[in-house]
Amino acid sequence: MKTIKGPAVFLAQFVGNEPPFNSLDGICQWAADLGYKGIQIPTWETHLIDIDKAAESQVYCDELKGKVNSFGLEITELSTHLQGQLVAVNPAYNVMFDGFAPEAVRNNPKARTDWAIDFVKKSGTASRRLGLKAHATFSGALLWHTIYPWPQRPNGLVTIGFDELAKRWLPILNHFDEQGVDLCYELHPGEDLHDGTTFERFLEATGNHSRVNILYDPSHFVLQQLDYLTFIDYYHERIKAFHVKDAEFNPTGRQGVYGGYSDWKDRAGRFRSLGDGQTDFKGIFSKLTQYGCNVWAVMEWECCIKSSHQGAREGAPFIQKHIIKAAERSFDDFAGGDIDKEDLKNILGI
């Protein structure tokens, strides 16, 4: 068993134009003051990290890591959620996702995909230079618009879709393998990888690639009504990153999982600040510890009711409270003792 590391915080929801959220120094001091021990860095925030420099310069990475460490923090992972999304975009979403890409490749799906693949690969190199072993991302989606299809999906569509998704990701996966870094896909509605079944499809399409792994976020499973504890039993060997995010699901006579196009605060399923939702974090931390999952517990704050500042203040002690120091010996060791083979036979009467 292993003790989960933490608490840490994903910075994406907190970066802003005002101090202390507009600089790496400021946001590191803020996180440390709140009791966090690690930060997950969104790579699209260029004032936090320059991926081009990080991919090319060990000196830059050493200085970046040293700066973060000077605040008593560690970098847990880099995140390419936005760029990973752009690896695979169905044409129905071109306009909506173009905003994640540089202007030079907008309105040009092929150029946008090529840029995204290159960027994620550079992030793998940067992760290696920073001494990181895991990387957080999204898979993108070619098939999501067919999730609840009408008319029915043509035979073979899903197979072709996952084959194409794997084709786009395999060069990235192979590069990450060369860097010694695991790609951890956050299983998330809107992505082709959104539950265990779709993860298995992708894993098979990549030839069971060793770098295909999971960023475990139970909030998305609460909203899908998936058994997120049994999920850990199935996939613990592939869980290499962990977002601590809460959610609740309260279906009504008017709406359920799909939410009726409502705003977040009016949906049956919605994300909540830690401790305000329905997620069984005691069970989650117990299972992840039991299976020896070597992960950071990284708070991802998303809530439609509570302020981000309050959520951030409450997040670190909430995670710290749930971290279990893994047992180093059995509780009943005192009753045991050395015994030889003949004694064992005598116990059995043989």
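Q: How much space lies in the second largest pocket?
A: About 320 Å³. Keep in mind that this is a predicted model.

Q: Which residues are closest to the centre of that one?
A: Lys5, Thr76, Leu132, Lys133 and Trp296 are the closest, out of 17 residues that line the second largest pocket.

Q: And which elements give two or more residues to its lining?
A: Helix H3 (58-69) and strand S3 (74-80). S3 gives the most to the lining of the second largest pocket, with four residues.

Q: How does that lining divide into nonpolar, polar and charged?
A: For the second largest pocket you get seven charged residues, six nonpolar and four polar.

Q: OK, now the largest pocket. How much space is in there?
A: About 1,500 Å³. The largest pocket has 43 lining residues, and nearest its centre are Trp144, His188, Pro189, Gly190 and Arg267.

Q: Which helices and strands supply at least two residues each there?
A: For the lining of the largest pocket, helix H4 (81-85), helix H5 (94-98), helix H9 (218-224) and strand S9 (269-272) each do that. The lining residues divide into 23 nonpolar, 12 polar and eight charged.

Q: Switching topic: which residues have the most contacts inside the largest nonpolar core?
A: Ile39, Trp169, Phe202 and Tyr216, in a core of 90 residues. Helix H7 (residues 157-179) gives the most to this core, with eight residues.

Q: What does Tyr216 touch?
A: Leaving out residues up to four places away in sequence, Tyr216 touches Phe221, Tyr228, Leu229, Phe231, Ile232, Ile239, Ala241, Phe242, His243 and Ile284.

Q: Is Tyr216 buried or exposed?
A: Tyr216 counts as buried, because its relative accessibility is 0%, and the cut-off for buried is under 20%. Phe242 is buried too, with a relative accessible area of 1%.

Q: How many aromatic pairs does a search of the whole structure find?
A: It finds 19. Tyr216 and Phe242 form a tilted one, at 6.0 Å centre to centre with 45° between the planes.

Q: What does that pair tie together?
A: Parts that are 26 residues apart in sequence, because Tyr216 lies in strand S6 (residues 212-216) and Phe242 in strand S7 (residues 239-244).

Q: Last one: which residues form one aromatic cluster with those two?
A: Tyr216 and Phe242 form one aromatic cluster with Phe199, Phe221, Phe231, Tyr234, Tyr235 and Phe285.

Terms used
Residues numbered from 1 in each chain as written. Predicted model: local features only at pLDDT ≥ 70, side-chain atom pairs only at ≥ 80, totals over all residues. Heavy atoms only, no water. 1 Å grid on protein atoms, 1.4 Å probe; cavity = no way out; pocket = protein on both sides within 12 Å on 5 of 7 lines; lining within 4 Å. Points joined across faces, edges and corners; volume = space filled by probe spheres on them. Nonpolar A, V, L, I, M, F, W, Y, C, P; charged D, E, K, R; others polar. Core = buried A, V, L, I, M, F, W, Y, C linked by side-chain atoms within 4.5 Å. Buried < 20%, exposed > 50% of the residue type's maximum accessible area, 1.4 Å probe, protein only. Contact = heavy atoms within 4.5 Å. Phe/Tyr/Trp six-rings, centres within 6.5 Å; stacked < 30°, edge-to-face > 60°.
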